[in-house]
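Here is a quick tour for anyone meeting this fold for the first time. Have a look at the picture, then read on.

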Amino acid sequence: EHRRFLRRLDHELKNPLTAIRLALANLAEGQERSPLLLGSVERETLRIGRLAADLRKLADVEVGVLEQAQVDLADLLREVVAAVEEQGEANGRTLRLALPAAPWPLPSVQGDPDLLFLAVHNLVINALKFSEQGDMVEVRANEQGNHLLIEVADTGCGIPNDEAPHIWDELYRGQGAHGTPG
């Protein structure tokens with residue numbers, strides 16, 4: 001039922017989003033407009049579209065349908081940082097990417113590029129969300145033996161020790177997260 005709900009939500013969101021984007025394109029071509037308003041509507045429309053795609057991917061994870069492709073992890077991390085910066089999510093925080101260059105760059109990995117992007121993006125957004133202006137969020141990756149390690153570290157408030165066991169519970173929100181959207 002959960003998967004059916006997610007797929008239906010994805011399906012139901014696609015058509016209105018397409019209609020909104022077409023209407024915006026027509027409005028932009030023919031009438032006076034407020035560029036700020038149109039830009040905001042376009043960004044939100046794209047955001048809802050990304051949400052729908054993310055929900056579809058998450059539904060696929062539950063049934064084990066994953067795309068397998070060679071993923072350049074360094075490029076993927078650069079895309080995540082660029083997307084967060086482009087969306088203005090850093091908002092007074094320093095966002096830094098640290099990737100090894102010597103003695104060699106990170107190797108590619110086999111995986112689902114969309115889900116890898118989504119996982120890292122969510123970690124970065126949460127790190128920014130629970131940090132203060134002036135704090136630093138650092139995205140870094142390196143090789144650990146036969147594995148690659150991706151870390152999102154920040155100087156924010158952190159997770160209390162008694163709540164740490166629950167971070168993998170679906171939709172769990174700690175006491176410090178109440179009042180913070182998302």
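Which residue in S5 is the bridge partner of Glu-138? In S5, that partner is Ala-153.

## Before we start

This is a predicted model, where local features need pLDDT of at least 70, side-chain atom pairs count only at pLDDT 80 or more, and totals for chains, interfaces and linings use all residues. Numbering starts from 1 along each chain as its sequence is written, and side-chain values use heavy atoms, with hydrogens and water left out.

Helices (H or I, at least four residues) and strands (E, at least two) are DSSP runs, numbered from the N terminus.

## The sheet

Let's begin with the strands. S2, S4 and S5 make an open sheet of three strands in the order S2-S4-S5, with mixed pairing; two strands pair if DSSP finds at least two bridges between them. S2 and S5 sit at the edges, each pairing on one side only. On average, neighbouring strands here are turned by 15° against each other, direction ignored.

S4 (residues 136-144) and S5 (residues 147-154) pair in the antiparallel sense over eight bridges. They form a hairpin with two residues between them, and Gln-144 stands opposite His-147 in S5. In the turn, Gly-145 has a positive phi of about 65°.

H3 lies across S2, S4 and S5 and runs at about 170° to S2. H4 lies across S2, S4 and S5 too, running at about 20° to S5. Axes are lines fitted to C-alpha atoms, for helices over the stretch in contact, and angles run from 0 to 180 degrees between N-to-C directions.

How do the helices meet each other? The axes of H3 (residues 73-86) and H4 (residues 113-129) come within 10 Å and cross at roughly 45°. That makes H3 oblique to H4 (under 35 degrees is roughly parallel, over 145 roughly antiparallel, 65 to 115 roughly perpendicular, and the rest oblique).

Contact means heavy atoms within 4.5 Å. On the H3 side, the residues that meet H4 include Leu-76, Val-80 and Val-84; among those they meet in H4 are Phe-117, Val-120 and Leu-128. The contact residues divide into twelve nonpolar, one polar and one charged. Here Ala, Val, Leu, Ile, Met, Phe, Trp, Tyr, Cys and Pro count as nonpolar, Asp, Glu, Lys and Arg as charged, and the others, Gly among them, as polar.

## Two loop details

Asn-91, in the loop between H3 and S2, has a positive phi of about 40° although it is not a glycine. Further along, a cis peptide bond joins Ala-102 and Pro-103, with omega about 5°. Pro-103 lies in the loop between S2 (94-98) and S3 (109-111).
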